[in-house]
Amino acid sequence: MLADNARGFLDEAAPVRALRDLRDAGRTHDPALWRRICDMGWAGVLIPEDAGGADMGHAAAGVLAHEMGRTLACTPFLSSAVIAATILRRIGGERAKSAMAAIAAGELTHALAIDEAHKFAPEATAMTAERHGNGFRLSGKKCFVVDGGFADRLLVLARTGEEGLTLFDLPADRAGITRTAQGMIDSRDAARIAFENVEATGDDVLGQVGGAMTALKPGLEAGQAALAAEMSGLAAGAFDMTVGYLKDRKQFGQPIGSFQALQHRAAHLWCEIEVTASAILNAGRVLDTDPNEATLAVSLAKARATSTAQLAVMEGVQMHGGIGMTDEYDMGFYMKRARVGSEWLGDYGYHAEQVAALRGM
Amino acid sequence: MLADNARGFLDEAAPVRALRDLRDAGRTHDPALWRRICDMGWAGVLIPEDAGGADMGHAAAGVLAHEMGRTLACTPFLSSAVIAATILRRIGGERAKSAMAAIAAGELTHALAIDEAHKFAPEATAMTAERHGNGFRLSGKKCFVVDGGFADRLLVLARTGEEGLTLFDLPADRAGITRTAQGMIDSRDAARIAFENVEATGDDVLGQVGGAMTALKPGLEAGQAALAAEMSGLAAGAFDMTVGYLKDRKQFGQPIGSFQALQHRAAHLWCEIEVTASAILNAGRVLDTDPNEATLAVSLAKARATSTAQLAVMEGVQMHGGIGMTDEYDMGFYMKRARVGSEWLGDYGYHAEQVAALRGM
Amino acid sequence: MQDDDRLNRFRSEIRAWLEENCPAEMRDGRITDDAICWGGKNWEFSSDAQRSWLERAAARGLTVPRWPAEYGGAGLSRAEEKIFLEEMERINARPPLKSFGISMLGPAMLQFGTPEQKRHYLPQIARGEIRWCQGYSEPGAGSDLASVQTRGEDMGDHWLVNGQKIWTSYADKADWIFALIRTDREAPKHKGISFLLIDMDDPGVTTRPIRLISGASPFCETFFDNVKVPKDRIVGEANRGWDVAKYLLTHEREMISSGGTGLSGGRALGAVMAQMAGEPSAQDPVLRAAAIRCEVDALATGLTIERYKDMAEAGKGVGNASAMLKYMGTELNKRRHELIMSACGSAALEWDGPVGNRAADWLRTKANSIEGGTSEVMLTILARRVLGLPGA
Amino acid sequence: MQDDDRLNRFRSEIRAWLEENCPAEMRDGRITDDAICWGGKNWEFSSDAQRSWLERAAARGLTVPRWPAEYGGAGLSRAEEKIFLEEMERINARPPLKSFGISMLGPAMLQFGTPEQKRHYLPQIARGEIRWCQGYSEPGAGSDLASVQTRGEDMGDHWLVNGQKIWTSYADKADWIFALIRTDREAPKHKGISFLLIDMDDPGVTTRPIRLISGASPFCETFFDNVKVPKDRIVGEANRGWDVAKYLLTHEREMISSGGTGLSGGRALGAVMAQMAGEPSAQDPVLRAAAIRCEVDALATGLTIERYKDMAEAGKGVGNASAMLKYMGTELNKRRHELIMSACGSAALEWDGPVGNRAADWLRTKANSIEGGTSEVMLTILARRVLGLPGA
């Protein structure tokens with residue numbers, strides 16, 4: 001139901017064509033599309049009803065992310081409606097409630113500024129938030145801030161002396177913040193952000209000083225699960241395109257999909273996609289029922305989604321032959337987004353190690 | 001030439017059938033076969049001419065090992081003619097010369113007693129050779145001593161206090177040595193050997209006390225390269241049997257080798273075998289021309305041979321279907337020998353790490 | 001919520017029942033074929049505990065928990081069965097009984113059998129009194145299961161059966177066999193086959209074990225020489241046996257696939273790695289990386305088996321997609337046992353070494369992707385029937 | 001031993017020559033397509049160094065070291081060429097010239113051309129004066145290269161060519177094209193094709209770049225509209241062009257495959273791993289294990305390319321086995337670039353980021369296993385012609 005509705009809308013409003021047009025226009029964000037999506041209530045999928053959300057849970061968020069992955073819909077859904085919303089919800093209180101209301105209504109977008117080097121490693125955060133008077137001074141550099149080029153607010157992870165990691169919620173235009181667009185291969189938004197003596201007050205801190213992980217961890221896990229769902233949708237989209245091509249395209253006088261070697265590879269890919277779907281569904285379910293014990297389920301989903309999406313796009317390009325390599329054809333968009341999704345919020349190796357640790361290996 | 005001659009002889013004298021008969025008779029060694037092989041001069045392939053050998057070098061030894069692998073010929077060629085001969089040659093001197101002459105003539109066989117646990121790890125040797133009077137007392141346990149059940153002499157690695165690892169050359173029947181046969185899956189010989197206060201003199205030491213590696217390292221590398229060659233022969237033997245079956249066997253009204261998926265897998269396997277062949281040839285060449293810098297070439301050969309042989313037997317059994325699972329058919333012998341060969345003298349992971357270290361990874 | 005209460009109550013009950021009835025000796029976690037009771041006329045119990053565990057479980061219907069009570073089952077729902085299995089695993093209990101009667105003939109008979117047949121055959125299976133084997137494959141037919149040459153000539157009140165079956169699992173230990181027999185030689189390949197039930201003691205039935213590369217002989221060749229099979233020993237209609245066979249193959253695939261996965265199996269690999277390496281972080285990084293990948297895939301495959309079972313419970317036919325479970329489960333199991341062998345190193349290279357007989361288990365897994373339809377056949381089924389790709 | 005002396009002397013000579021003639025700027029190890037000179041009428045040298053490096057190398061015959069001196073080469077043996085390449089790599093020299101004239105048309109012409117053609121065309125290639133492109137593939141034909149629709153009508157003293165080619169590499173920068181043209185429409189598929197040489201400036205020839213997923217446009221579509229091709233612009237006999245094409249495909253495969261391997265390529269992966277991880281032992285054990293496996297395979301594949309080149313030198317035709325080099329080399333290269341992308345993480349996700357444009361290189365490799373015959377076509381060739389497996 002939810003999936004069917006979402007698919008109907010996205011096929012019309014956000015097909016791959018829309019991403020291509022955005023790219024060709026030199027843009028990385030489509031406020032009109034996001035407005036329509038917020039009007040349907042998707043931005044509030046994880047936000048309580050009393051904050052104007054639909055409170056449908058992570059399984060439902062996964063369904064929406066999956067469908068958006070299928071058409072490569074370019075939206076800040078993960079950054080704002082999943083990661084930021086989950087963090088704010090965990091923080092609780094009136095301020096968080098009004099922030100969530102703004103997200104659900106589509107009035108504000110958020111981006112998570114966490115990476116500082118080429119790999120996801122929150123614990124290695126070097127950016128500092130030194131105590132200064134009653135407040136803090138933030139200095140450091142972030143990169144690969146997804147949706148950070150246009151977001152209204154930034155959730156920023158920084159180190160506060162010996163107290164540890166602290167999470168700040170700042171307006172993106174605060175003095176001392178400089179954003180530089182990154183020209184991403186997936187044509188989506190990302191920014192490099194420099195913080196130079198940025199002033200913050202105690203009110204800008206989310207949760208406790210030195211206690212960033214309390215709210216950040218659930219936010220990251222919600223984001224990882226939704227990203228995994230997006231990538232499983234991406235894999236399904238690339239796969240459908242490939243199977244369609246195998247049926248239509250003739251070579252040596254027959255449809256290439258009648259060649260057994262391609263049949264077996266396509267069938268194997270379908271199996272991988274099905275198995276990954278189970279991990280995605282499980283992650284959504286566990287986040288909804290037992291969120292404090294979700295790390296295994298989430299990392300399993302992200303690891304599987306990463307390897308499956310990569311297989312799907314590699315087989316997709318190879319089975320399409322030359323046409324799959326052309327910019328004119330959509331397969332390349334899938335391949336490039338799969339690569340970015342693989343890296344964002346922890347790559348295969350990161351999540352596989354999480355699984356290994358939790359399984360005592 | 002050498003290969004053709006060897007193949008002709010082995011097809012007649014040591015087909016897989018011979019290994020099966022040996023196994024069914026409850027034996028692990030065929031002295032008559034080894035006698036014939038020594039008469040042809042193979043046991044002296046790495047032994048100087050003045051010690052009665054043919055001195056043909058490691059590339060030639062690889063050719064012979066490859067052909068023996070093809071028919072799973074059950075002989076102490078690697079233990080005696082390759083490993084022991086190379087060690088003795090490196091030691092040099094009159095005693096070593098007469099020992100080599102005995103090997104070449106087929107009068108004595110040697111086995112290398114090195115493993116103590118489930119993985120190849122010479123540096124972790126715990127067996128002790130304590131100084132005692134003018135000599136030593138050896139105590140400890142060895143396992144997976146290939147050909148150790150029948151060998152006349154044992155090359156034993158032990159730790160001498162702070163001096164380090166020392167290599168001993170002992171008669172297998174010396175007091176305090178107890179040999180227990182291991183019932184190996186490949187139907188070849190291996191023994192568990194206990195040493196209880198075994199007396200050794202300075203004459204029993206090969207090379208310097210604490211300097212085992214000087215002669216052991218070239219011996220191990222010669223053995224690893226020859227084992228890799230044997231495994232590449234094994235892969236080729238299993239592959240030929242499989243391709244033959246693909247051509248003969250009909251299903252759904254046509255030869256199964258006409259099915260494209262099987263064609264592509266068979267062709268891929270052939271490519272892997274060809275690539276491994278290059279690594280084997282290279283290892284033999286480097287051992288002959290630049291033996292002190294052979295580690296990379298040898299580990300590359302053993303790693304590739306291991307993965308290729310495993311792929312060849314797995315594809316072999318799967319493509320044969322049920323019949324490949326029966327003891328009556330020979331494919332199982334290939335599969336079991338591939339598994340033992342994978343572990344002996346260092347497995348894939350061991351040799352891959354050697355490659356990684358030497359390539360600065 | 002009421003459902004939850006009911007299930008929680010069920011869990012308490014079953015836990016208490018297990019506590020009282022499952023003998024301590026049967027709680028050793030040994031779930032390999034040689035540790036479990038297979039029943040049958042000639043079964044020799046390995047211990048009194050094994051016998052009483054079977055009798056108590058059968059009396060409570062728990063040898064076949066999902067079957068209706070009138071046929072010897074406990075009539076559990078899927079959710080209840082899941083709880084039962086969880087509670088069994090919690091105390092490391094061996095299954096009380098395992099057989100092809102439970103996993104294959106039973107489901108087929110529940111679907112296609114007459115009321116008389118169900119009443120007659122099913123309780124015998126549930127109590128472990130009759131041990132069944134299956135007669136599908138024939139020499140030379142390989143993956144082409146419908147290529148049945150064993151023929152049953154119609155003699156009025158009986159069929160006269162002649163021919164040979166191969167890969168009949170444990171036929172030398174079975175009391176009866178269910179077999180595909182060609183009863184109409186004129187009809188098209190799939191239309192002239194009947195699904196017959198044959199007593200292994202009938203005159204003209206002989207069987208001979210096949211020795212496998214693992215040294216074990218779980219399979220046999222079985223010969224039929226003028227065997228008379230009465231007309232009521234048929235499941236489904238005459239010449240429509242392929243329908244039954246297809247239904248059954250689906251069940252068989254699910255059974256074989258789940259051998260390869262699940263959390264306990266995953267734990268096995270991790271435990272072996274840890275045991276052999278001396279500590280959790282194994283010393284061979286390349287091997288450890290392969291084991292981690294395998295673990296990731298095993299967990300996801302286990303979840304997939306659960307998901308498909310739930311779909312089947314919800315009445316959503318999984319049909320041909322069971323070929324996916326068979327393919328992924330068996331290929332994974334082969335990978336896992338390769339890794340276990342690598343982790344054990346030379347300790348696993350003996351038939352009966354310091355780590356038991358892991359080599360036999362490893363070699364056994366190689367048959368998983370062959371028996372019950374090869375991986376290649378599964379992939380072709382998926383390509384044609386699920387993806388709709390055209391025939392050559 | 002005399003051979004060794006001779007080769008050692010050659011090594012000293014070539015080392016000295018390189019020391020004197022290879023400009024310092026050309027010793028930066030940049031061997032990607034955009035750093036190397038491709039020659040041609042419209043070539044714009046990136047620097048004086050690039051120009052003089054081409055001129056000096058061409059004067060010494062070292063743009064085409066194996067070709068005979070009379071056609072602009074240096075007449076080196078395979079062993080000498082190997083030494084030349086080793087010495088080039090030792091000082092990280094860029095190749096002085098790269099072109100499809102050198103790698104493809106030249107070898108075909110040496111084999112099939114007339115003495116006049118060789119004298120006319122080959123020196124132009126050797127000096128980098130004329131840049132060639134190839135016209136094989138046509139829209140819709142894909143892997144079926146012999147499915148040529150572009151036709152050349154016999155007009156007595158010339159062919160009148162009409163049709164379209166696709167995947168013509170760098171056709172927009174080329175001066176001439178060698179193309180497969182159907183000159184006999186009645187003959188069987190492989191028998192009516194001619195191998196023609198066409199000046200891109202001839203009236204009726206137009207070309208249009210195809211934008212690829214990497215953003216670059218190394219390929220074009222090329223159109224022929226009533227183009228007149230004189231009868232002497234043919235390599236080999238009329239309607240026997242498929243022989244030339246087959247010969248050439250082998251060369252192309254070897255060229256593409258060696259892009260994927262060799263020691264320097266292997267070093268690239270290790271270096272990237274080390275650079276990104278901060279130290280040789282990368283911090284992601286799963287990624288490191290994959291990189292080690294890739295390194296093992298890359299070293300062995302590099303040795304295989306060398307072995308096959310030696311076999312070819314020794315007069316042992318490698319023939320269809322070149323399909324193996326193409327298949328293994330390109331698949332390996334794809335694997336390697338996936339790993340490089342993983343090692344670089346988000347730094348490689350920008351078109352022009354902190355680690356350069358690795359994404360474009362990565363995307364480019366995806367075409368390696370498609371162009372010049374797909375991996376699937378290579379495997380079929382090997383299965384049929386090398387293994388002798390039967391057709392369906």
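1. What pLDDT does chain C average, and what percentage of its residues score at least 70? Chain C averages 88, and 92% of its residues reach at least 70; pLDDT is the predictor's confidence in each residue, from 0 to 100. So keep in mind that this is a predicted model, where local features need pLDDT of at least 70, side-chain atom pairs count only at pLDDT 80 or more, and totals for chains, interfaces and linings use all residues. A word on bookkeeping: residues are numbered from 1 along each chain as its sequence is written, chains are lettered from A and ligands numbered from 1 in the order in which they are written, and side-chain values use heavy atoms, with hydrogens and water left out.

2. For the complex, the predictor gives an ipTM of 0.91 and a pTM of 0.89. Where pLDDT is low, the predicted coordinates should not be read in detail.

3. Now for the fold of chain C. It has 11 helices and eight strands, counted as DSSP runs numbered from the N terminus (helices are H or I with at least four residues, strands are E with at least two). The radius of gyration of chain C is 22 Å, close to the 21 Å from the globule rule for 392 residues, so the chain is as compact as a globular protein of that length. That radius is taken over C-alpha atoms, and the rule is 2.2 Å times the number of residues to the power 0.38. The C-alpha trace of chain C spans about 70 × 50 × 45 Å along its principal axes.

4. Of the 392 residues in chain C, 57% count as buried (under 20% relative accessible area; exposed is over 50% and partly exposed in between, with a 1.4 Å probe and protein chains only). Among its contacts between residues at least 6 apart in sequence, 70% join residues at least 24 apart.

5. Chain A comes to 11 helices and 10 strands. Its radius of gyration is 21 Å, close to the 21 Å that the globule rule gives for 361 residues, so chain A is as compact as a globular protein of that length. Here 65% of the 361 residues count as buried, and the C-alpha trace spans about 80 × 50 × 40 Å along the principal axes.

6. How do chains C and D relate? Chain C can be laid on chain D with an RMSD of 0.1 Å, by a turn of 180 degrees and a shift of 0.1 Å along the axis. The two copies are thus related as by a two-fold rotation axis. Superposition is by least squares on the C-alpha atoms of residues with pLDDT of at least 70 in both copies. The same surface serves both, as 100% of the contact residues of chain C recur in chain D.

7. At that interface, six residues of chain C are in contact with six residues of chain D. C:Val286, C:Ala289 and C:Arg293 supply 65% of the area that chain C buries against chain D, more than any other three residues. Buried area is the accessible area (1.4 Å probe) that two parts lose on being put together, summed over both.

8. Finally, a backbone detail: C:Asn92 has a positive phi of about 60 degrees although it is not a glycine. C:Asn92 lies in the loop between helix 3 (78-90) and helix 4 (100-112) of chain C.

Key
Contact means heavy atoms within 4.5 Å.
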